[in-house]
Amino acid sequence: MERNARITLLARMNSQRQKASLAALATPHGRYGIDGGWNAVAQLVGVAAAALLLLFLAFRNLRSGPMLLFLPELLGGLALLQVPLNFFYSTLRGKFVVWAELLEGLSLRGDERVLELGCGRGAILAMLGKLLPEGRAVGIDLWRTEDQSGNSLESARANLEAEGVADRCELHTGDMRTLPFPDASFDLVVSSLAIHNIPEAKGRKQALEEAVRVLKPGGRLLIADLFRTEEYVAWLREANMAGVIRRPFDWRFWYGVLRVTPRLVTAEKPKDGQGSMVPQN
Ligand SMILES: C[S@@+](CC[C@H](N)C(=O)[O-])C[C@H]1O[C@@H](n2cnc3c(N)ncnc32)[C@H](O)[C@@H]1O
């Protein structure tokens, strides 16, 4: 085979292998519940009912009513209907695909210690476990069912077993504002849809302070969250974290809010050991 043809074939095989491993990582084998809990489901059912009513009115007007109302009713109905559809897609599928891509993109060696703040039933923690054959994926949570349906230590443990990664993962019951881990003990800290659940700014800032504290110099931080991510950027910069970036997600992680708020915030703790919100003397 000609050299160029062989290179093309190898590149294609490589990309197919990468796609297959990404798809495997993004395919859950456990049961991960609904983000926002049953309260969110109840609200979304209300939104879906309002959307269907508007669409019904639009089509009734199209046939026999005032045409003036048709377009606003149609557009209003479609805008409302995308909220539950996109929310359920994001929570049941999009979150897994987006996080699989994010974690693959980190090119982990496989022996790192990684912490997830607010791991819930373990969707992201289990993926981390799969990427860390020689490492450790540690999750901490308060298991609040109002933030994720069916949330509990037992459900997280059962999922880690179902994914075949229980031996590489650790679960801790605790508050991310006061982490029970030593300084500089993790190579990577991640958090998905969790920090915004802390109601006061002071508490959210404490959670970030703790994330920075437990990161090793050179360690990386990845936060995906729905609201208030601009504060995270300001606090992380204040804490001398390097390369603080905030970017939007695509439609797979919009949770129905039409790209208004969900954002990814990434940062790195400088190798010189700086990166603390506690004033340095
Ligand atoms: C929407 S769930 C997301 C769970 C998981 N990260 C995921 O993406 O599937 C938010 C999680 O944050 C947890 N949580 C909320 N406040 C917390 C706190 N102060 N400390 C630890 N966990 C917290 C909740 O118990 C819940 O499991």
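A residue is taken to be near a molecule if its C-beta atom, placed from the backbone, lies within 6 Å of it. The model is predicted, so local features need pLDDT of at least 70 and side-chain atom pairs count only at pLDDT 80 or more, while totals for chains, interfaces and linings use all residues. Residues are numbered from 1 along each chain as its sequence is written.

The ligand is surrounded by 24 residues, of which Gly118, Gly120, Arg144, Ser192 and Ala194 are the closest. Helix 4 (123–131) and strand 2 are the elements that contribute two or more residues to this shell; helices (H or I, at least four residues) and strands (E, at least two) are DSSP runs, numbered from the N terminus.

Seven strands form an open sheet with mixed pairing in the order 3-2-1-4-5-7-6, where two strands pair if DSSP finds at least two bridges between them. Its edge strands, each pairing on one side only, are strand 3 (169–173) and strand 6 (242–248).

| Pair | Sense | Bridges |
|---|---|---|
| Strand 2 (residues 136–141) and strand 3 | parallel | five bridges |
| Strand 4 (residues 186–192) and strand 5 | parallel | six bridges |
| Strand 5 and strand 7 (residues 263–268) | antiparallel | six bridges |

Within these pairings, Gly139 has Leu171 in strand 3 as its bridge partner, Phe186 stands opposite Leu215 in strand 5, and Arg220 stands opposite Glu268 in strand 7. Strand 5 (residues 215–225) is mostly covered, with eight of its 11 residues buried, that is, having 20 or more other C-beta atoms within 10 Å of their own, all C-beta atoms being placed from the backbone.

How values were computed. Buried ≥ 20, exposed ≤ 12 C-beta atoms within 10 Å, placed from the backbone.
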